[in-house]
Amino acid sequence: MAETNIDYEKLSIPELQALIAGESGNAPQAAAAPQAGGMRIMPTDIPKVEPPSFGAGVGRGIMDFYQGVKQKYLNIKNPEEAKAYTDQVNQEIANYEKARQAAVPTIPASQKTLADVGKEPEGPGFDYARLLGNIATPASLVPQTRAVGLVPRAMSGAAAGGLSGYANFNPENTNESSLIRAATGAAGGGVVNAAIPYAAAGATHLMQGTKNTLADALRQFKMDLTPDINIKTNVKLMLQDRGFDFNNLSSSMQKSLLDDAKTQLVVTGKLDPAALMRKADIESIAGEGSATSAQVTRNPAQWTTERNLQKYEVSSRDAQRGGSTPLTERYIQQDTAAKNFADKLISQITGLPPAKRTETPYQASETAIKAIQKQDSELGQIVNDLYGAYKSHNATNATVPATKIADAAGRIVDEFGSENIPAPVMKRLQEFGFFDGKQTKLLTINEADKLNRLINNNNPGKGTPGALALVQIKKGLTEALLDIPEEGATKALLTARKAAADRFAAQETGLGVSAAISDVAPDKFFNKYVLNGDVRDIKALKTSLDKSPEGADAWSNLKSETFKWAYNKATSNGDKEFNGIQFRKALDSIGKDRLSELFNADELTQINTLKRGVLAMTAEPPFAAPSRSNTAPQLLADLLSLGNKVPGINLMTKPIQAEITTSANEELIRKALSGRDIGTPARDQAQAALREKIAKLLSIPNVGAPTNSIMQQYRK
């Protein structure tokens, strides 16, 4: 046979078969074309099998469940019918798989060469559409727990997987194969359900990381475009708008505040005035570096973590053996500092040596009442002396008009009742014709002096109805003396009249002053005329007390006792932790207007700093949910430690207990104590270089004042 140069890899399979058959002398004959009704059927006339669509695959998966349920039912009702049904469904599935096979790309036999052998896929691959249909069945309605804990999740997943595996159609239709399918489904479902939280957390972390990277790049771009922002100027303006003087802070505290502002700009792209203000308030009270992260950010999740960590910390066995409790110590330090701040403020408000300070509101009120009474008594003596000079001019028999005294008698009947007037005074008034008495005496200046002395000698005092009634009589008597006709009056009378008018005006400046002159009870005086007094009356009380050294001291003590009252409300008289909410409630009950009248601007600034700082330190933000039990974390750890002694169970309890008691808590505590998590704390280290770059940009001073847009941005 002559040699030929043949590339066998390029020959088709039929050509190779013909070549081989020819060499052996057995060349195959062409097969007769099949006939149908006397007509030859061409290959193109054979219907082409279409591969199933994705929806058909899902439907096949759903039918696996329903046909499986029917198969199990027929096994119980009629095994023979079940066998026939199984064969029928197996044929359906076989047809479905053939259709799937049709979707596999193939090379026509007439074109296939040796080089193509082994390159075609052996099958259609995994049927994801059918798997989706398997999942979308009533078996998926089995409750799937997402609670923390590997065992609960694995058990619920195994229940759903086992049910689905057993219920689905079984081609073999034997008990053994059904149980194997159930076991396989349970194992798979348990593993998948247990792993879902971790897979979801990983995906979330990846997405968050990508988002953070893009956001940081955008912020960097924005910062590069605005290098003229003077951060110190803007921080000062923000705090100034909220009544806080940046210049009053120490240089180290100023630097700390500016560093946090830079962090905010890098991480969030803007300043957070509220967070910076909280940090400034807390550190003004408790010192630099005293604020925790949650106290600054007021983030409910951070707050919950910190408070639970502190409860775990003090409940731990290490703490019981004398170990360190840094979070607890920080809170104690803050509370002590707040109380010390309040004590210093009390001393500043009082401004008196210890010997002149009062200890209770009762004592402060008593000194104020006595100071006002002393002033009134001195004015009364001046008036008496002047009238005495007038009487020395033989004018003692001048008639005193009775109209004002009659008016006072009418008010007494309406407001107090005439029965509250002491009997000797009532008898004398009736002699002058008042209170329906028969007039037997003429009211002259001389008789008016006698009546005044009689009233003083019979005053029951202490704000009783009788004392208040006599105040009205004396008031009417004073007004009556002023009504003496001036015709023929001497210079002495006019001088006495002016002094009496001044005294009368002083008595009428405010209800607190009038009550003090009436000798009201001190405890009632503080509650009614200071804590709950009308602002105008408080102002009159201050004006009256400032007229004498004793009165000025009394006013200082009233101010001090007012602040102490609010402080005691917030600390249960100093016995409990300083409660910011209770302190705010106490100050709010006094009212902004009263506080402004009681305290000067500097005192109010410090009171408000204390209020804001203690609120930030102690008031739980909305939606925070710290544990209310101090022992819950330790009890959980102890309970888990019991499980560690049981073989099998310890495989689950040991890792969980380790998670509770490992250095993770220590790391969280460290971050909490830093007080620097104003932006996004987990990324602080990664952004250190970026912060340094932006800090350099921010250090470039503004050309002129900040623009209005910048001012508005940071004043929001």
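At what angle do helix H2 and helix H3 pack, and how far apart are their axes? I started my notebook with that one, keeping in mind that the model is predicted.

**Entry: H2 and H3**

I looked up H2 (residues 54-77) and H3 (residues 79-102) and got an angle of about 165°, with the axes 8 Å apart. Angles over 145 degrees count as roughly antiparallel, so that is what H2 is to H3. I also noted that H2 passes H3 in a left-handed crossing.

Next I checked who touches whom. On the H2 side I found residues including Ala56, Arg60, Gln67 and Leu74. On the H3 side the contact includes Pro79, Tyr85, Val89 and Tyr96. Sorted by class, this contact has eight nonpolar, five polar and five charged residues.

**Entry: H9 and H13**

Then I went to H9 (residues 273-286) and H13 (residues 326-350), whose axes come within 8 Å and cross at roughly 75°. The range from 65 to 115 degrees counts as roughly perpendicular, so I wrote down H9 and H13 as roughly perpendicular to each other.

Here Ile282, Ser284, Ile285 and Ala286 of H9 meet Gln333, Gln334, Ala337, Ala338 and Phe341 of H13. My tally by class for this contact reads six nonpolar, three polar and no charged.

**Entry: H4**

Which residues of H4 (residues 128-135) are buried? I got Ala129, Arg130, Gly133 and Asn134. Looking down the axis of H4, I saw these buried residues fall within an arc of 145°, so they line one face of the helix. Tyr128 and Ile135, on the other side of H4, are exposed.

Key:
Residues numbered from 1 in each chain as written. Predicted model: local features only at pLDDT ≥ 70, side-chain atom pairs only at ≥ 80, totals over all residues. Heavy atoms only, no water. Axes fitted to C-alpha atoms, helices over the stretch in contact; angles between N-to-C directions. Helix = DSSP H or I, 4+ residues; strand = E, 2+ residues; numbered from the N terminus. Parallel < 35°, antiparallel > 145°, perpendicular 65-115°, else oblique. Left-handed = near helix turned anticlockwise from the far one by under 90°. Contact = heavy atoms within 4.5 Å. Nonpolar A, V, L, I, M, F, W, Y, C, P; charged D, E, K, R; others polar. Buried < 20%, exposed > 50% of the residue type's maximum accessible area, 1.4 Å probe, protein only. Arc of directions from axis to C-beta.
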